[in-house]
Amino acid sequence: MATYTHGHTPSVLRSHRWRTADNSAAYLLPRLKPGTSLLDVGCGPGTITRDLARRVAPGRVVGVDPESSVIEEAASVESTVDFRVGDVYDLDVDGFDVVHAHQVLQHVSDPVAALTAMRRACRKDGIVAAREADYGAMAWYPAVPGLDDWLRVYRAVARECGGEPDAGRRLLEWAQSAGFSEITTTASVWCFTTPEERSWWGHTWADRVTSSRVGTVAVESGNCRQADLARMAQAWRWWADHPAGWFVVVHTELICRA
């Protein structure tokens, strides 16, 4: 079993709470209509789930995540969604029109088995939808050596935890291996370039480098030293304050007919 690379520290959850259906699941929205039933796998604090629930109301919506603390947070905010602790490999619900996962498959040890389980949770002719970032395809300006080091260390840590940080480029192959035949793939990006966007993205990652599980595993696994983490965090802050700073996160999106 893979271990979630980031953990659930405040700096990580700050990033998760920023996510909405519009900025993280726009490719799926045209497939939704009132009354659609939806399962959100790896829902975290539930911000995307709640947005999707508003679009499919009065359809049944369930959000599952293996971390009980984020399920408690999600459930405390939204009462119309059934939030519950659950494992993507062992989903105890089925019959959904849509089974959705955002940034989940990059963190599991067997993404093909995860997609297969998501397919089982779908009704016949339902859809499985997934969106995954590709760390190896991320790009930024200006060139900052500390960010090159961050990317190298992050990818090593993600694999140390049993995941695949370059999941986006592998998503189609995983779906094919899971037995899907009707597959649609698209791509989209998060782009951070305004002063407000740069500040939020850069300072959030500076905190994640030094105060999330990423940094702890990086040091424990020998991929860097504590002083290196501080230097990477400073590089993120420098980038965030640069007036020409630009950062793009590439995602692959997948819609498969069950």
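This is a predicted model: local features need pLDDT of at least 70, side-chain atom pairs count only at pLDDT 80 or more; totals for chains, interfaces and linings use all residues.

**Entry 1, overall build.** I started with the secondary structure of the protein, which comes to 10 helices and eight strands. The radius of gyration is 18 Å, close to the 18 Å from the globule rule for 258 residues, so the protein is as compact as a globular protein of that length.

I then boxed the C-alpha atoms along the principal axes and got roughly 50 × 35 × 30 Å. Of the 258 residues, 54% are buried. I also looked at contacts between residues at least 6 apart in sequence, and 75% of them join residues at least 24 apart.

The protein exposes about 10,800 Å², and carbon and sulfur atoms supply 50% of that. I counted 27 positive and 32 negative charges, and their mean positions are 3 Å apart.

Which residues have the most contacts inside the largest nonpolar core? I found Trp 150, Trp 201, Trp 205, Trp 236, Trp 239, Phe 247 and Val 249, in a core of 32 residues. The elements giving two or more residues to this core are α6 (145-160), β7 (183-192), α8 (195-211), α9 (213-220), α10 (226-241) and β8 (246-257). As background, nonpolar side chains tend to be buried together in soluble globular proteins.

Setting aside neighbours within four places in sequence, Trp 150 is in contact with Tyr 135, Met 138, Trp 140, Trp 205, Val 209, Met 232, Trp 236 and Phe 247. There is also a second, separate core of 28 residues, and it includes Val 88, Ala 167, Ala 178 and Cys 256.

I listed the buried residues of α1 (residues 10-18) and got Ser 11, Val 12, Leu 13, Ser 15 and His 16. These buried residues pack against α3 (47-56), α4 (68-77) and α8.

Is Val 61 buried or exposed? Its relative accessible area is 4%, under the 20% cut-off, so Val 61 counts as buried. Val 61 is found in strand β2 (residues 61-65). Leaving out neighbours within four places in sequence, I see Val 61 in contact with Leu 38, Thr 49, Ala 53, Val 56, Val 81 and Asp 82. I also checked Val 61 against Ala 227, 166 residues apart along the chain, and their C-alpha atoms are separated by 45 Å.

Where are the cis bonds I noted? One runs from Ala 57 to Pro 58, with omega near 10°, and Pro 58 is in the loop between α3 and β2. Another runs from Tyr 141 to Pro 142, with omega near -5°. Pro 142 sits in the loop between β6 (139-141) and α6.

Next I noted positive phi values in residues other than glycine. Gln 103 has phi near 55° and lies in the loop between β4 (96-102) and α5 (111-120). At 10% relative accessibility, Gln 103 counts as buried. Asp 125 has phi near 70°, but its place is in strand β5 (residues 122-133). With 41% relative accessibility, Asp 125 counts as partly exposed.

How values were computed. Residues are numbered from 1 along each chain as its sequence is written. Side-chain values use heavy atoms; hydrogens and water are left out. Helices (H or I, at least four residues) and strands (E, at least two) are DSSP runs, numbered from the N terminus. The radius of gyration is taken over C-alpha atoms; the globule rule is 2.2 Å times the number of residues to the power 0.38. Buried means under 20% relative accessible area, exposed over 50%, partly exposed in between (1.4 Å probe, protein chains only). Contact means heavy atoms within 4.5 Å. Accessible areas come from the Shrake-Rupley method with a 1.4 Å probe; for residues, only the protein chains shown count as cover. Lys and Arg count as positive and Asp and Glu as negative; His and the chain ends are not counted. The place of a charge is taken as NZ of Lys, CZ of Arg, CG of Asp or CD of Glu. A nonpolar core is a set of buried Ala, Val, Leu, Ile, Met, Phe, Trp, Tyr and Cys residues joined through side-chain atoms within 4.5 Å.
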